[in-house]
Amino acid sequence: MSAPLVGRLAIIGAGLIGSSVARAVREKGLAGTVVVADRDAGVRARVRELGFADEVPETAAEAVADADIVIVCVPVGASGAVAAEIGPALKPGAILSDVGSVKAAVVEQMAPHVPAHAHLVPAHPVAGTEFSGPDAGFASLFENRWCIVTPVADADPAAVERLSVLWSGMGANVETMSPQHHDLVLAITSHLPHLIAYNIVGTAADLEQTLTSEVIKFSAGGFRDFTRIAASDPTMWRDVFLYNREAVLEMLGRFTEDLTALQRAIRYGDGQTLFDHFTRTRAIRRSIIEQGQETAAPDFGRHLVAAKK
Ligand SMILES: NC(=O)c1ccc[n+]([C@@H]2O[C@H](COP(=O)([O-])OP(=O)(O)OC[C@H]3O[C@@H](n4cnc5c(N)ncnc54)[C@H](O)[C@@H]3O)[C@@H](O)[C@H]2O)c1
Ligand SMILES: O=C(O)C(=O)C[C@]1(C(=O)O)C=C[C@@H](O)C=C1
């Protein structure tokens, strides 16, 4: 049997993403030892029960000692504090990575705490669900999904390559781009759709009581899909909007202008504008499907409703 890709892998934060990484790495035999840390004692106890880690130390600093690769899987706003805690314990040559949904702000928070003898290689697996916590993770989450690696300016190419190989090993398709470009792209493809979902479900909840209960009773199709997205973790998404502020505001400005144009077409009975717009958007959906990017993601974890934090 050949040696695993990574000797010792440390994961800080054992929620949906951290626990999925641990499960995927173990299932594929990518690491000799998987060490998992979480600041929450209840989560640590649950990780021990679920058995997807070889070691579950009390602190993050203990977890990273001797680790070859460290993946920080905490809400974006906590990444600086975690980097400060573990930075001094990183061994020479260690790769420090993360999975945050925002990249420029994570680099800004983490970079000052990375010692010269370690390598910072941020990444973002573009795969998830509306569920949180260690019960919600599963080994196949990253299969055939993108993982965007966003190397810093002076990144060590060998470290970037090693982390990319680890994500490929978990089944992901790896793409590389700058942290700033990542944030602009994800603002429109992920962050704005979540904001729209949070907003539309909030609007429905603010209707008069009888109307709201009818919305819930008759919800199907479109609205139901929005409620899935709007059930996503409040801490995670608060941080995404606070830390990708500029890119989200840029995309929100464009979105608002386009919405106003549709509103105007409805007001003036301009069916041609509506028809042309909907025809253009239908083509985008079709090209996504043709590229094989449509997956069963919306149904992942349905059985885990009870596990939702
Ligand atoms: N949920 C998704 O769909 C998704 C997808 C891709 C990337 N991400 C990113 O992954 C990261 C984690 O998201 P998640 O969905 O796994 O969240 P989660 O809430 O399921 O898990 C986060 C875990 O981090 C722990 N934690 C928080 N602060 C900590 C600290 N200072 N030290 C140690 N542990 C700490 C929490 O106790 C929790 O167990 C976020 O940055 C998010 O942006 C999420
Ligand atoms: O499918 C979902 O539930 C998701 O929202 C996953 C999703 C996304 O927007 O695609 C959410 C945030 C992450 O940073 C990456 C993936």
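The C-alpha centres of domain 1 and domain 2 lie 29 Å apart. This is a predicted model: local features need pLDDT of at least 70, side-chain atom pairs count only at pLDDT 80 or more, and totals for chains, interfaces and linings use all residues. Residues are numbered from 1 along each chain as its sequence is written, and chains are lettered from A and ligands numbered from 1 in the order in which they are written.

Me: Where do domain 1 and domain 2 run in the protein chain?

Reply: Domain bounds come from an automatic or database domain assignment. Here domain 1 covers 6–177 and domain 2 covers 182–307.

Me: How many residues does each domain bring to the contact?

Reply: Two residues are in contact if their C-beta atoms, placed from the backbone, lie within 7 Å. Domain 1 supplies 20 residues and domain 2 supplies 21 residues.

Me: Which residues touch the most other members of the largest nonpolar core?

Reply: A nonpolar core is a set of buried Ala, Val, Leu, Ile, Met, Phe, Trp, Tyr and Cys residues joined through C-beta atoms within 7 Å. Buried means that 20 or more other C-beta atoms lie within 10 Å of the residue's own, with C-beta atoms placed from the backbone. In this core of 70 residues, the answer is Ala 10, Ile 11, Ile 12, Val 70 and Leu 163. Both domain 1 and domain 2 give residues to this core, so it lies between them.

Me: What is Leu 163 in contact with, leaving aside its neighbours within four places in sequence?

Reply: Leu 163 meets Ile 69, Ile 95, Ser 97, Val 121, Ala 123 and Val 149.

Me: Which residues of helix α4 are buried?

Reply: Helices (H or I, at least four residues) and strands (E, at least two) are DSSP runs, numbered from the N terminus. In α4 (residues 79–86), Ser 79, Val 82, Ala 83 and Ile 86 are buried. They cover an arc of only 100 degrees around the axis, which puts them on the same side of α4. The arc is that of the directions from the helix axis to the C-beta atoms. These residues pack against β1 (6–12), α3 (60–64), β3 (69–72), β4 (95–98) and α5 (104–110).

Me: Which residues around ligand 1 are the closest?

Reply: A shell residue has its C-beta atom, placed from the backbone, within 6 Å of the molecule. Ligand 1 is surrounded by 29 residues, with Gly 13, Gly 15, Ser 101, Gly 128 and Ser 132 the closest. The elements giving two or more residues to this shell are α1 (16–27) and α4. The most come from α1, with three residues.

Methods
A residue is buried if 20 or more other C-beta atoms lie within 10 Å of its own, exposed if 12 or fewer, and partly exposed in between; C-beta atoms are placed from the backbone.
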